[in-house]
Amino acid sequence: MSHPLTESNHQEAPRLQALYQYQILDTESEAAFDELTQLAAQICQTPIAIVVLIDRERQWFKSKVGLAISETPRNVSFCNHTILQAKPLIVQDALTDARFATNPYVTGDPKIRFYAGVALTTPSGYRIGTLCVVDYVPRQLDIAQIKALQALSHQVVSQLELRRNLKALQENERRLSTLMGNLPGYVYQVANDLNYTPEFISEGVFAVTGYHQAEYLVDRTITCGQEIHPDDSQPIWQQIQQAVKSRQPYECEYRIITKTGAEKWVWERGRGVYESNGELLRLEGFVTDISVRKAAKLRLHQKAQQEHLMRVVTEHIRQSLDLDEILTTTVSEVRQVLQADRVLIFRLESDGSGNVVQESVDAHWQPILGQNLFDPCFQSSYIDKYFQGRVHATHDIDDGSIQPCYAEFLKQFGVRANLVVPIIQSGCLWGLLIAHQCAHPRQWSEEEAQLLKQLADQVAIAIHQSSLYKQAQNELKERIQAEAKIRDQAMLLNVATDAIIVRDLDQHITFWNQGAERLYGWSSEEMLGKATALWCRDSAGLQEICQTVLARGEWQGELTQLTKDQKDVMVASRWTLVRHPNGQPKAFLIVNTDITQKTLLERQFLRAQRLETIGTLAGGVAHDLNNVLAPILMSVSLLEMQPDSSKRQKWLDVIDASARRGASLVKQVLTFARGIEGERSQLEIRHLTCEIKQVIEETFPKSINIFTHIPNHLSMVMGDVTQIHQILMNLCLNARDAMPNGGMLRITAENQVIDADNINLPLGAQPGSYVAITVADTGTGIAADAIDRIFDPFFTTKEMGKGTGLGLSTVMTIIKSHNGFMTVSSQIGNGTEFKVYLPALQDGETQEPVAPKVPYGAGEWILLADDEAAIREATKTMLEAHGYRVLTASNGIEAIALYSRHQDDIRLAVVNIMMPAMNGTTAIRTLQAINPYLKIVATSGLTTNDTLIEMGIKVDHFLLKPFIAQELIISLHQVLNS
């Protein structure tokens, strides 16, 4: 029946129809509507806000704020008035409005005094409800609030439309899914990638592949590309890409592997879907199972193949007595006809063991040709069964149909199913003809078993006819097979990027792969039979490596070697001892990896970090040099004042000690700054610690107390003094930065033995004897979330511009290169402790340094060229005192002139690199042009020998200034007598 306050009946019916199409009445609350209702209450600042839908006799609340009830009668509602007008209905005070003064919701609970409502108008113009706000006191809304209420009402209608469209879409999808579910296959939409990643796939996919729709679209455990048979994947990809490129549909037949591992044939038709701009969006199409049709076609094809196979084998038996050729043809043809992974002929012994005498195997599976095999489950009774013509078919070794020991025996060859028939020859069980399926289980058919039996009979005839011929050719066959295997192995080795070399015990190369040719430049023809000394820089070290390998069976390390064009190459070398079957050493297998570029990058990295450290210590170095020069200047003054004093020798000793200290400091700074990494030698950590302590006491703030404790019995280590110095200096600098307000820096060392059972042993650390150096501070500490990252390059906790983040990364690199390791522990506010472990030398490995004896000359003439007069005079006097005769020059021009006049007398030239008029490099080139055999010793305080080599200048010896008289005299003696 019609309510007094409703639209006319011809408007009310379509209005209700418009409401019902949303199917929203009496539904659960939804967040989208609740958020709009809450927003209306907040904007209008009212305690009550409602989304109202007006039914025939009631108004139902889809969403509400501040109200407990869910619906009210329509005839007493404010909203019934609202839907009769297009404008918002605003009742400022319901008690003064005649329409509502006696309304039960005004006079009684909830005692409405204020109401503002906006009609919910559908796109077709029907007002199906309201969005309203209610208050318990009279009030008014401003214009902004009214407009906001209207806007929110539009959003409510938009949500209703979205909800209706979603339900319609879901219904359409359900109908489409039902339709596709009745198809004899499945439809798909996939991305055009190698995996054909599915965007949509119909439920019919389960009947074809065994995978559920959710496994493709929800779990994502399988893609359309993964189910394609590996042998068909690439051809199908190429066919589809060609069709997509030409914008044509594609049709193809291929094999898939189902979820159960079975193989199926499918037919597919599809096409590309493109954007308006021509860009490919996806592929879509249809796939159906054609296995039955394919199987029928395949059976016909197999029958024809089987007939052809029998003709081929029979013809070979008639025409040839070569059993190997017959057996090869048999296994090859059988594998092709049966599409098996492996077919072999097994020569059986009475105890069940035997030999694989012929085999045809797919490249994906392990060859077992020539192997002596023993089946642990074999019993003597089996011989009688096979002799009686037994055919044994195993469809799946995991289905429990065979003994576990037999299943394990087959698994070692990758077999999942096999078919075995006996070969009966001259009344005896000669062997077995066996077909293997390795990729997946297989149901062998009766036709396949009969084919194998017929072929086994033919093989038996061939064995009988050609037994003598086989005996004569057996050794030849084995030799050919062995050579083929060696060639295959050599081919594989030649593919390797590393240099792979085999050297016999007489130091001659017996194998040289293409990786070695690429690395060293020599071809295998040039190197085979040659001694490795041709390409090893250190032949003595090579002998030591050989002895280590003979004793331990292996060796690995880094070597510097020479290429054919006389260039140095750094390699990571791994040596393994190859033995004869009787256990005697046979040869050395060497695998070398080129690490030249990697080593250069590491050195650049270390040098960059050293420069950062040198910059930090620059002030301290200057202070140290002042301390060096002060006693020299004061002692010279004292000598001048009292030349005959009894303290003369004491002052001379002061001058000598200070000069040596200054020379050592300059050389250390230059070497450290250049990053010149000398050869590793035996080092005493005690001496290094003293040097470090001396530097940091002069350069660190006085608020930092420095404590060291190094025991006298501390073991020695083998290392690069510059790099060990860099480790300690980096850790001390970090400790200084962590104590801006002062504190305690503690440097200690101890001998420590690390056991293999030590649970705190870091990853990669080896058990053994170590020298453990501890650098600890009482500074700010390191946060727990940063301590795992402090060794990463460029990670730093310091402020911008106060650190590069390379220090600890460099320290870790150096420690690892010395086969050591490092630990760190820290607490915020309680300081940090770094502990460096370096391998300790055993007592038998250490050697006491022996002071070299200073030799005397035999009157040889020396040409000395240096621009510093004091150095020339002092050096000349010292050389003459040691038995040499000396000509001096102040620059390169004078040196050339002197040599031109006295070249018949001068045996050796000592040339400083940095000189005016003509520098040392030009002078050396000129002297070598005059006499290529002149021996030359170069000296410099800035240039290095590596720099001279890069400039193309080669000298007999190089001395880094400053140097002492002993160094020069010994160097001259060695060069003159070399």
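The axes of helix H24 (residues 892-902) and helix H25 (residues 920-930) come within 9 Å of each other, crossing at roughly 15°. That pair is a handy way into this chain, which is a predicted model. Of the chain's 978 residues, 43% count as buried. If you take contacts between residues at least 6 apart in sequence, 60% of them join residues at least 24 apart.

**H24 and H25**

- Angles under 35 degrees count as roughly parallel, and H24 and H25 are therefore roughly parallel to each other.
- As for handedness, H24 passes H25 in a right-handed crossing.
- On the H24 side, the residues that meet H25 are Gly 892, Ile 896, Tyr 899 and Ser 900. Their partners in H25 are Ala 923, Thr 926, Leu 927 and Ile 930.
- Sorted by class, the contact of H24 with H25 has 5 nonpolar and 3 polar residues, with no charged ones.

**H19 and H20**

- Helix H19 (residues 685-699) and helix H20 (residues 721-737) have axes that come within 10 Å and cross at roughly 45°. That angle makes H19 oblique to H20.
- Here, too, we have a handedness to report: the crossing of H19 and H20 is right-handed.
- H19 brings Ile 685, Leu 688, Glu 691, Ile 692, Val 695 and Ile 696 to the contact. From H20 come Val 721, Ile 724, His 725, Leu 728, Met 729 and Cys 732.
- Split by class, the residues of the contact of H19 with H20 come out as 10 nonpolar, 1 polar and 1 charged.

**H23 and H27**

- Helix H23 (residues 869-881) packs with helix H27 (residues 965-976) at an angle of about 55°, and their axes are 11 Å apart. H23 and H27 are therefore oblique to each other.
- H23 passes H27 in a right-handed crossing.
- The class tally for the contact of H23 with H27 is 6 nonpolar, 1 polar and no charged residues.

**The five-stranded sheet**

- Now for an open sheet: its 5 strands run in the order E8-E7-E11-E10-E9, with antiparallel pairing.
- Strand E8 (198-201) and strand E9 (250-257) sit at the edges, each pairing on one side only.
- On average, neighbouring strands of this sheet are turned by 30° against each other, direction ignored.
- Helix H8 (residues 230-245) packs on the sheet, where H8 touches E9, strand E10 (263-274) and E11. The direction of H8 makes about 160° with that of E9.
- Inside the sheet, strand E7 (residues 186-190) and strand E11 (residues 280-289) pair in the antiparallel sense over 5 bridges. Gln 189 stands opposite Glu 284 in E11.

**A closer look at Arg 282**

- Arg 282 lies in strand E11.
- Arg 282 and Ala 191 are 91 residues apart along the chain, yet their C-alpha atoms are separated by 4.9 Å.
- Setting aside neighbours within four places in sequence, Arg 282 is in contact with Gln 189, Val 190, Glu 199, Arg 271, Gly 272 and Val 273.

Note on methods:
Residues numbered from 1 in each chain as written. Predicted model: local features only at pLDDT ≥ 70, side-chain atom pairs only at ≥ 80, totals over all residues. Heavy atoms only, no water. Pairing = 2+ DSSP bridges. Helix = DSSP H or I, 4+ residues; strand = E, 2+ residues; numbered from the N terminus. Axes fitted to C-alpha atoms, helices over the stretch in contact; angles between N-to-C directions. Contact = heavy atoms within 4.5 Å. Parallel < 35°, antiparallel > 145°, perpendicular 65-115°, else oblique. Left-handed = near helix turned anticlockwise from the far one by under 90°. Nonpolar A, V, L, I, M, F, W, Y, C, P; charged D, E, K, R; others polar. Buried < 20%, exposed > 50% of the residue type's maximum accessible area, 1.4 Å probe, protein only.
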